[in-house]
Structures are given as C-alpha cells and as structure tokens.
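Please keep the sequence and the structure in view while reading.

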Amino acid sequence: MSEPQHLISIKAALQKQRMPIYRSIIRWLWRLSVLGIVAVLIIFMVINFTAIPSFRELENPKSALASEVLGNNGEVLGRYFIENRVPVRYDELSPHLVNALISIEDERFRDHSGVDAIAVARVIVRTILLRDQSAGGGSTITQQLAKNLYSDRNFSGMSKVEKLFALGYQKLREWITAIKIEKSYTKEEILAMYLNQVDFVNNAYGIRAAAEVYFGTTQDKLKIEEAATLVGMLQNPSRYNPNTFPERCIRRRMVVLFQMWQNDYLTEVQYDSLKVLPLDMSRFKKVTFSDDTAPYLCAELKKDLQSILQDPGCRKTDGTEYNIYRDGLRIYTTIDPIYQRHAEAAMREHMQKTQKRFFQVWRNRDPWTYRNRDTKPEEIALRKEELWKQIRAGDRYQQMWPRFMSTVSDRIEELYEFELRDADIQRMLAEEKDNKTITRYVANNWITAEEAVNYRKIMGSSDWPEIKKQWNALQKAIMARYQEKVRMKVFSWDNAKFEKDTVMSPYDSLRYHRMFLQTGMLAIDPTTSEVKAWVGGINFKHFKFDHVRSMRQVGSTFKPFVYATAIAQQSISPCYQVYDLAVTIPANYQNFTTIADWTPKNSTGSYSGQLLTLKQALKGSVNSVSAFLMKQMGSPEPVRGLLNNMGIDSSARRGDGQFRIPKQPSICLGAADLTVWEMTAAYATFANKGLYSRPYVIRKIEDRYGRVIYRSQPEEHPALPGNVNYVMLDMLKYNVLGVPGIRDLKSEVGGKTGTTNDYTDAWFMGVTPRLVVGTWVGGEDHWIRFLSLADGQGSRMARPIFAGFIKRLETDKNSGYDVNARFFRPPGDLEIEIDCSKYLNESAPSGDEEQFVPDIYNDQVPAGERRPDATFGDEFGG
C-alpha cells in the first residue's frame, strides 16, 4: 500500500528544512578529518626531525665503553664497566638465542617493516576493547630496540590524561624510529643490536655479559635451556631474575621453550625433555668493583654521578641521560693515588693490631648475649633481631623466599596490585601484635596511606593465615640452612690476600664478620677543599658498607664547636679558668627546652674539683666545663648556627623526624650523629683561616669525545673570625702536644679525640696546614665495642691511623706533602690572650677584692680553692 501523499509532502518539507544542517555537519566532518590528517603529519614530521636520536650509539661498538674514575695524576682509580662489553655480531650469536628471541618476542619479525599491524590490531581488539590481559603486547623487536634508545618513560606525577598523551607521543616516536631502523639495517643487524643493548640486571649489560654472569660461559656456548632462560628475562629482568626468583624463572623459561616448539625450532621430544630440567645457577657470579684502587670511593661516587647526570645541563645532545656503564665517561677526581695508598696502608697497619686486641677481649664472650648491670632484655632482643635482618638481606634468604612465598605473593599481587615483600610481612606481624605499628609508620611517613590500607586488607583476608604459615616455615628453613657448615672464604688480617679458606656455617660466618671493627677516613686539603683520600672500610670485598658518609655519634670531637662559639661570642681567652665541678642546667632554663634538670658526668664518673683552663679542659675532654660553657650561652642555637656556617645543616632531620643536631644542651658533649665527611669538612674550616669551603671529589666529567659535561663550582664563605679561628688552632695544637705518634711528626698538628658512651665510637680529627683528616673506628653494630676506656678511647683506636698516615706522607719524597707548612696567624694583635702565663698573672685578683661565688657551681668549690670571677657568667647572661 502506497504512502499517503500528505505524509510524503511532510517528509519532503522536513528533509528540505534539515538539509543545511546535514551539509554543515558533513563540511565539519571533512574539516576535522583534514585537520586530523594534517595534525598527525605535523606530529610525525616534528618527531621525525627533532626527537629521533642518532644511531651511532647502536652501530658503534664503542657505545658500551666503561667509564673511568681518574685520580689527580690521571691514574685509573676504578671503572664502571660492563663485563665483556664488546658487542656481539650476528654471525657470532648462538642460533638458540635467535630462535628463542623470535619465537617469544616477534614471530613475524622477518615479515614486517618495524611495526607489526597484526599485533597492533590484536592489542586494540583483545587487550583494550575486550580487556584480555593475556593477549600479549604489540611491540616488535625493532620497536623494543627503538624504545631502548629513550630514558624518559617516567610517568610519575602525571595525571591520567597527561599519561595518555605522553604514552601516545612515545609510541609514535618509537614507531617512526623502528621504521627508520628497518630501512637502515638488516634484520640480522637489528637482532644483534637488540641483544647487545638489553640490561639483564646484576650489572650484566648485553647478551655477552649476561651469559658470563648467569651461566659462566660465552653466549655462543649457551645450551638451549640457558638461552631460553636469558630470553625469558627480557620481559622483566628483575621479576624473572633466575638467581632471585628461580621458580618464577623456570615457568617463564617453559613458556619460551613452548613457543620455540610451536614455531618449529624444537621437536616435541626436545621440548618435553628440556622443560623439566632444573635451573642450574651454580656458575652465577656478580660483577663487583673490589679490585679498584679506591673501591669505596667508586661505589659512593655512583650516587653522586646519578644525581649529576640527571641534570638537564649534563645530558647528551639528544636530551637523553648518560649511562656510566656504557657511555665511556671520564670522571676526573681530586683523589691523590699516593695519599690514597698511604691512607689505606696506615689503616691496615693499625686495624690489624686493634682487631687482634679486640678478639682477645671478647674471647669466651658473646657480644649478642653479653650483659652488664645496665643491659635490658629489650636490648638483647634487638641484637638478635639485627642478626635476623642481616640474614634476611642475604642471598640465601632471597633465593629461598620465592620457594615459600612466590605463590601467595603472586596471589596478593593479582588481588590487590600489591607486591608483597618481607618487610611488609614483618610490619603486619608487628601490627597484629601491638595494633599500633601501621599507625606509627604512617604518622612518621615511613609508609604511605595506600600501603596502610593494603596491609589492613591483607590482614583481614583469608590469605593472611597462609602468609603467616609460609613465612614462619621460611624462617625455620633458612635458619636450618644457615646452621649447615660449608667450605667458604672469610676475611682475615692474617695474610696479604686478607681472606682464608675455612669450614663454617653461614650463621657463624655472619657473626664472625660482624665482629670486625670498621673505619671511615677522609683527607681534605683545606686550602683547596679537594678530597685527597677516601677510605670507607677495612676491605671492600667482604664489607661493602661505606663509613665516610654514614652517621655515627661524634662524642668529644664536637666540643671544639662549643668552645669556638663561646670564644667568638665573648672573646674569652683559652686560658680562662673553670672549676671541674658538677654543672646543672635546670629544666626549661633560659632558651633550653629540656623537660628535666640535666647534670652531665665526666667520663671518669667523678669531678676533680680542680681549676682548669679552657685549654686544659678541652684537652682532657672534661664534660663539666663543656656544660658550663653551654649554660652560659643559655641556648643551643649559637652552636647550631656555627655548625650551619661550617657546612653541617642544623635544620636537617633524622628518619624519626628529630633534628640531627638536637636543640638540647647535651650536644655540648657530642650527642649528635654526623658523618666523617661532615666532620672533616667542618674541621677543615679551622685550617682554612676560618673560611668554610665545601669539599668536593669530582673535578670534572668528560664524555667519550672529550666534551666537558660537568665541572665543580667552588663554594666558600666565612664561618669564624680570623682571630677566633687561630685561638682554636692553638687549642687544637695543645690537645696533641707530646702525645704518642703525634710528637714524632715534623708537621704542625692539632686535633681532637672523641669517644662515645660504652666506647661504641672512637674518633680523631687531625688538622695540619695542608691536610685535615677525619677518622672514625667502631663496629657495624653498637654492641661491637671494647669493654674499657683504656682499649676503646679515640686516642687508642683512631688517632694512630692519623699519625701513621701523616708519617708516611712525610717520609715519602714523592708524595708532594708540604711538611714545612704552618698555620696562618692573622697579622696584628689577636685581642685574645693565648699565653696562659701572661693571662693568669694579669687576671689574678688583688687581696682586697671580694671573692664572688657564681651560682653555677652550687657551692661545691673545695675549701681553700679560689673560685673563678663572675664576669664571664654575667656577660653570657648566665
């Protein structure tokens, strides 16, 4: 039946009425399409001409050159290197590697031109639209090679929209680069370049290094299952690290072998036999830097280099960051190799003797269970827990962890997108016990609020009992393994190699090595601020931790800062006399914030009652006199201010939120944790006319072509008036006048020892006109210590290293050390009397003067003794 005429007329009228709208829509669609095409073309052109790097890094075999750390004479101190870093050519590659790589990463590698359209379509349909995460990625081998050229795939801090645009931009850039690579190189060259560029972790860059590190062989001799293991790591080298996660790695290897079978590179018989083979990691060997001339320095400089090379001004011409393991940088340092060798020789000579005495003291004693009258049960528990921390940080524990925990941790990661670690389990166990650990960790910013939420979710889930069960089983298993005796090499002072073969359980080995006293030593030229020598420990091969930049309590080496502040404020003489009597700083006294009265004791536990000059008190590290000076200042801020001027940031806080330089009067006794670096830099101010100059190690950095990409900039400012500074030098010289070791030196020498409570830390800060040396000696753990002041004081443990070092420099005619240099004395009158015979004669009271008694002594002056005058206390507002 035909449609009525009037309806046809109505439709025609409506169509005619809407036609302009349709035409407008079509025009805009065409405009948008054209604009879109033009925009894409512009983006492609911009990327093509501005963001694509040179391929010289890929095709030049020298692109993986080691970076060298050079001394001030050009001598190589160490290298940041890639083992067997020469790139492998395609004709040298193992066919097993090639077959495995193509099978698992890019089946159509030989058919596409850099971008696999089929793979891209699969990702769009299955992964994006259907949310099938098992569909695999769409990147070809060539695209992955292109991606390895860039180091800016960090999306942290971006919003979702920003991440989307950044990812799209990078994908376009990688596609263009991949196409250009395909036009410039053969398929074989691309395969070789890709395998030479990959980072296999454990300092194994490239397939050749990976074969040697993980399997102790060259890549062309890899077995099929070994080749499959290394190729399987490519997806995520850390996650599939065979040394850390063997079970996970085996599962990944099986996937690679299956793909090789599916692509006819293996027969079914081969696949069935290979997939069940165990993972042999017996030949695994980490790349280390133990053989460097200055290994502690080189290890620490890596941190500095990472920070320097992240600066936009220190990047390559294409904007990418330098890689110290591959880019052949030359790092010129201030280290003098002659000084370095003498410093290490002096350290070894003394530490060998000290360690022998230490073992004698602790014979038939156990530091982890030793008690005195002040030892609390909590401290014993802490010592044992610290041992457990060392066990959990060891390779054996890391290797066993996946066997017990990988299944449940994979489940937690799947459910909560949270990677479960050992530290997480310990925190949750502590929370279960006290119900406040998580809250405390969040309050101190030790964990994020998101982590806290995940912890509570996990603890409330049905998986928590299984986590605890497996974790407890792991603890039992690891301890059983740690008790098994095995043949091993351990550190020893008894021979030139500093190690010996023995049979020992890993547990006993751990305790044995923790009982070795360590040292940190830094030598700075105060006139140039150049670091001349750096000794971070007794032996880098066995003890990796650096003690130059680690914080330890400084003890009496802090006292010169207190004395310098008092002298600078009041121009008092070092000959000013103070009684050695108890001094109490009341709670909330003046500008102190103490909540209780504070009365420090001397190291002897008693007070002599004698009248001491400030020089004598500093030489004897008399605590009561330091407390006297602090009380007169009425606040710790003047001392903290001086420290800030001497390069020690007084506003810095510890991990627990407390100030590193506490706002408490106890800082006058050295109740502050500082580093050898900070202390040596501060003491260098005394030898540099009162000027603080920031010390530096790296003079400049050049790239492989000789272009300077970084040069240090000196920083210097006044810290102490010249006259006050010289007074302090005079006091520091008085400290070491006639002491063993120092009296035999030709140099002009000043210094200060320091010893902390229970003889945990021993210090000596030595000052000469051309070299300032900070030395710390102590145990890795606070309970690794001597048991008496006679053995554990700084003058016995640390000062001999300084004396031996300077003596060696003085004796070595090739060292360049200026033994005749003398401290600078400001011209004219110092305005502060340093000759005590003159000062005491001039300041002696006449017979008719009133004998004023300051309140500070609490009427404790012995009968017949003269009290000091009141002027000093009045001027300080005390």
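A residue is called buried when its relative accessible area is under 20%, exposed when that area is over 50%, and partly exposed in between. The model discussed here is predicted. The points below treat the disulfide, a tryptophan in a helix, two residues with a positive phi, and two further cysteines.

**The disulfide**

- A disulfide is a covalent bond between the sulfur atoms of two cysteines.
- A search of the whole structure finds 1 disulfide, and the residues that form it are Cys575 and Cys836.
- The sulfur atoms of Cys575 and Cys836 are 2.1 Å apart.
- Because the torsion about the S-S bond of Cys575 and Cys836 is about -90°, this disulfide is left-handed.
- Cys575 lies in the loop between α21 (559-570) and β9 (577-579), whereas Cys836 lies in helix α30 (residues 836-843), so the pair ties together parts that are 261 residues apart in sequence.
- Both Cys575 and Cys836 are buried.

**Two further cysteines**

- Cys298 has a relative accessible area of 2%, which is under 20%, and therefore Cys298 is buried.
- Cys668 has a relative accessibility of 0%, so Cys668 also counts as buried.

- Trp471 is placed in helix α19, which covers residues 464-482.
- With a relative accessible area of 8%, Trp471 is buried.
- When neighbours within four places in sequence are left aside, Trp471 is in contact with Arg392, Tyr397, Met405, Asp422, Ile425, Gln426 and Leu429.

**Residues with a positive phi**

- Most residues other than glycine have a negative phi.
- Ser621 is not a glycine, yet Ser621 has a positive phi of about 50°.
- Ser621 is found in the loop between α22 (614-619) and α23 (623-633), and at 15% relative accessibility Ser621 counts as buried.
- Asp758, which is not a glycine either, has a positive phi of about 60°.
- Asp758 is found in the loop between β16 (750-755) and β17 (761-767).
- Is Asp758 buried, partly exposed or exposed? The relative accessible area of Asp758 is 45%, which lies between the limits of 20% and 50%, and therefore Asp758 is partly exposed.

Technical notes
Residues numbered from 1 in each chain as written. Predicted model: local features only at pLDDT ≥ 70, side-chain atom pairs only at ≥ 80, totals over all residues. Heavy atoms only, no water. Helix = DSSP H or I, 4+ residues; strand = E, 2+ residues; numbered from the N terminus. Buried < 20%, exposed > 50% of the residue type's maximum accessible area, 1.4 Å probe, protein only. Contact = heavy atoms within 4.5 Å. Disulfide = S-S within 2.5 Å.
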